[in-house]
Amino acid sequence: MEVFSMIDARVEAELVARVMAGDERAEEELFLKYRRGVAIILNHSTDNSPAAADLCQETFKITFQKIKNGELREPGKLPAFIWKVAHNLVTDHFRKLRTHQISSIEEVEDITDATPDQLDMILEKEKAALVRRVLSDMESERERQALYRFYIAEENKERVCADLGLTTKQFNLIIFRARKHFRKLYEKMASGR
Amino acid sequence: MDHRYIDENNVGDLYLMGKLSAQERAIFEMHFINCERCVEMLEETSSLRQAIRGNWPQEILQPASLLPVRAVARPVWRTVVMACLLALLVIVPAIFVIGEMRRLRHELEEAKAIYAAQREPQNADEKEPSTDQKPTPFSERQGNDQREKSESNSSNTAKLRDSRSQTNTPVFALVAARRGEADSNEIITDESQKWLLISLDLEGDTEHETYRATIESRGRRFWRADDLRPNQYNALTMSFRSDSLPSGQYLLTLEGISKTGEMKAIANYPFRVTKKSMK
Ligand SMILES: [Zn+2]
């Protein structure tokens, strides 16, 4: 583990040095390496707001600028550095949103005007029907219960374990299997449609 | 934070559910921001949750949101019978209490209007009544008017309490917070009350067929229900096991869900839960 993190820190330092030197390919590499993680953080922090995609672009724009300005003193701390940029943008986003909410109703109507097109809606409906079929067809009642209680009712694991007479290890195994079976069945039904 | 710890403690799931503390969340985010393994797990979990959340088939397993389902290997017909019995136990008293509550509330309003009309000319300069009395669960719009608060001890309120004790399922009608108002609703329960009902008046909102209610405590999501439908009085009711809501401050946010799935914020209902110990 230690060896890996040392290698990682060295790779990170090289990447940062190349970005500082104006290497555009290094920027792309850094973007590809962090993009998905940053997207999850931003989606989570904004409750899946459509603004998350723009905030993601902005995070990297600012990160590259700051690296070039020499603001990242310890390249090994790049993950924390990007994390901070992303969170500052989220804070800013909500501050702006609060100011915006006080402005006119007409503007709000403009925002809500963006309705999904018909094809998207049909595809969504098909997907929903498929998910319902998969859930109905899952063989193990216990796995289905675990999915429901953990992911939908969001009950505490300890409580579900106590109710179902499981150890936490057994619970983790059931959740793992439930996810696997759901995915398998979904793929099977989707391909046979 | 290593992968063994992450897997054993379902850190990824808890993160997506908003159940990690701020510190745990920051540590985990700084870990997965460049960890392909965790990113993949989070993406998969997120799409699984999204897929099953709005699409859970009505005909299979419909536990009341916070109701424990004890017997796993129980035959299906028994589960169905149990579910029906439980629904009867909770819904019938709830309907009765809500109907009774509305009728009595109406009577109370009338009595208040008459009393206020009688009292106004002679008592215009009278001091405001004291506010340190126990709040009643039916705290409908009481925050605005101290005089209304003093009326909550009237005989009508006593009747409300009586009707409540008939079923022992208290109903708490929460009042939406208005801008700049820090007032909170009070929910006071004791150990004898195994269930409680929260009712939200939707006021003027009639444009949505379904609603989403989210309860947060200390900035973390505590509970959420989608697909809530208003009753004939344009109110939403939710049942909770009393022990699932420990003492503390909560915020319930209500959003309307349009037919295309768009969410619109409707109102916020701050409330405080206090457990009264029985002597
Ligand atoms: Zn990881």
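Colleague: What makes residues 62-75 of chain B a stretch to treat with caution?

Modeller: This is a predicted model, and pLDDT stays under 50 over residues 62-75 of chain B. The scale runs from 0 to 100. The model does give that stretch 29 contacts beyond four places in sequence. Where pLDDT is low, however, the predicted coordinates should not be read in detail.

Colleague: Where else does pLDDT stay under 50 in chain B?

Modeller: Over residues 114-167 of chain B, with 69 contacts beyond four places in sequence.

Colleague: What are the averages for the two chains?

Modeller: Chain B has a mean pLDDT of 68, with 56% of its residues at 70 or more. For chain A the average is 84, and 86% of the residues score at least 70. In chain A, residues 102-114 stay under 50.

Colleague: Why is the zinc site called tetrahedral?

Modeller: The zinc ion has NE2 of H3(B), NE2 of H31(B), SG of C35(B) and SG of C38(B) as donors, at 2.0 to 2.2 Å. The 4 donor atoms subtend angles of 101 to 118°. Four donors count as tetrahedral if all angles lie between 85 and 135 degrees, so the arrangement around the zinc ion is tetrahedral.

Colleague: How do you know that H3(B) and C38(B) tie together separate parts of the chain?

Modeller: H3(B) lies in helix 1 (residues 3-8) of chain B and C38(B) in helix 4 (residues 36-53) of chain B, so the pair links parts that are 35 residues apart in sequence.

Colleague: Why is C38(B) called buried, and H3(B) partly exposed?

Modeller: Buried means under 20% relative accessible area. C38(B) has 0%, so C38(B) counts as buried. H3(B) has 22% and therefore counts as partly exposed.

Colleague: What makes R18(A) and E29(A) a salt bridge?

Modeller: The side chains meet at 3.1 Å, N to O, and the cut-off is 4 Å, so the pair qualifies as a salt bridge. R18(A) lies in helix 1 (residues 2-20) of chain A and E29(A) in helix 2 (residues 24-45) of chain A, so the pair ties together parts 11 residues apart in sequence.

Methods: Residues are numbered from 1 along each chain as its sequence is written. Chains are lettered from A and ligands numbered from 1 in the order in which they are written. This is a predicted model: local features need pLDDT of at least 70, side-chain atom pairs count only at pLDDT 80 or more; totals for chains, interfaces and linings use all residues. Side-chain values use heavy atoms; hydrogens and water are left out. Donors are N, O and S atoms within 2.8 Å of the metal (3.2 Å for Na, K and Ca); water is not among the atoms, so sites may look incomplete. Four donors count as tetrahedral if all angles lie between 85 and 135 degrees; four count as square planar and six as octahedral if opposite donors are over 155 degrees apart and all others between 65 and 115; anything else is irregular. Helices (H or I, at least four residues) and strands (E, at least two) are DSSP runs, numbered from the N terminus. Buried means under 20% relative accessible area, exposed over 50%, partly exposed in between (1.4 Å probe, protein chains only). pLDDT is the predictor's confidence in each residue, from 0 to 100. Contact means heavy atoms within 4.5 Å.
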